[in-house]
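Have the sequence and the 3D view open as you read.

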Amino acid sequence: MWTHSAGNPGELAVYQQIIADFNASQSQYKIVQQNFPQGSYNEAITAAAAARKLPCLLDMDGPVMPNWAWAGHLQPLGLPDDLISSLLPTTVGRYKDTVYSAGYWEAALSIFARKSVLDRNSIRIPTADKPWTLDEFDVAVTRLKANGYTTPLDLGAADKGEWWSYAYSPMLQSTGGDLIDRGTMKTADGALNGPDAVKFFTWFQQAFKNGWADNAGPVGNQRFIDDKVALSYTGVWNAKDALAGVGDDLLILPPVDFGKGPKIGGGSWQWGISAGCKNADGARAYLTFSFQDKYLTAFADSQVVIPSTTAAAKASKYFSDNGALHQFAVLSQKFALARPATPGYPVISSTFEKAAKDIMSGAEVKSTLDTAVRAIDTDISSQNGYGF
């Protein structure tokens, strides 16, 4: 049995094909499909976990996997080493060096721009090998604002929830800070409130004060498509519509280097096996079967997400070397950083979101970050360090 929050009909069709192929390929195991609508998926799975009635196969957002493993809901994944080693590192979920989950795809962030707009404003087109420095970026948005764009940059600040950690903690990490001390996983002190973190959030606040960005919305990429903003910090999921709206003028640019190298978020939806699964061998057989490159390519092209293997990417109409979205695969390989693999991540993420929104709205930077650190560290202490 497996459970899944299918995001679109194309994705669901691929799952149905895998199940049919798997069930036809052997007689020892049979997969029974159990679907939950995406909007109610997390609630349904949480309720099943509380009742100790989880299905064998679980689809989960990568960053929350360590919390599930720590809580005893998952067992080690146990897939072949050569399969795991073939996957993008950010599509493999580990807690305390043990693999508990793996995913078919990855998402990636980029800055969308129009080549004609950058050329007209004498702004250098950055590359993955030579991204914009922060100074260059500041000059670019200042020039764009002066030359006709009331709000030159869409940072996606109208969005909420996990977007905030996924989108903005990589900028913090590029500056030299982080959500937590990854060496110990026991404190956020010095990482989220140190000099580098203060530097980043001072810039973040200033971007809104200067009118470079706002949180007016709408959520998504429509303002860029309508040419109301010149630059849009957004994800691969918006690329197909951008291609349709902007055409050959579309540029998929790398993230800004805030000083310590560019970073983007990593770690999307991943599969795990529940601790109480009575047929774990069958679950592993199904997962091993499902990670064939042809299925990964089908997922990528039906959802516009980055395949988790190089071979699957090369076969994709979007992400192959000549594909219109190949740059996303490059950015994911070069710059993706998984969110901290700690059971405390849900608290870290929600605390980060609150602090960042307060700072965006004008709160004093250092004291706001200190408050966030205290909240995170208090949670870690209350859980005896989450096993670290």
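## Disulfide, cores and a buried arginine

Counting pairs of cysteine sulfur atoms within 2.5 Å as disulfides, you get one disulfide here. It joins Cys 56 to Cys 277, with 2.1 Å from S to S. The link is right-handed, with 90° about the S-S bond. Cys 56 sits in the loop between helix H2 (38–50) and strand E3 (57–61), and Cys 277 in the loop between strand E13 (269–274) and helix H11 (280–290), so the pair ties together parts 221 residues apart in sequence. Helices (H or I, at least four residues) and strands (E, at least two) are DSSP runs, numbered from the N terminus.

A word on the source: this is a predicted model, where local features need pLDDT of at least 70 and side-chain atom pairs count only at pLDDT 80 or more, while totals for chains, interfaces and linings use all residues. Residues are numbered from 1 along each chain as its sequence is written, and side-chain values use heavy atoms, leaving out hydrogens and water.

| Residue | Relative accessible area |
|---|---|
| Cys 56 | 17% |
| Cys 277 | 12% |
| Arg 223 | 12% |

Arg 223 belongs to helix H9 (residues 222–225). Beyond four places in sequence, its contacts (heavy atoms within 4.5 Å) include Asp 154, Asp 214 and Lys 228.

Now the nonpolar cores: buried Ala, Val, Leu, Ile, Met, Phe, Trp, Tyr and Cys residues joined through side-chain atoms within 4.5 Å. The largest has 83 residues, and Leu 231 is among those touching the most other members.

Methods. Buried < 20%, exposed > 50% of the residue type's maximum accessible area, 1.4 Å probe, protein only.
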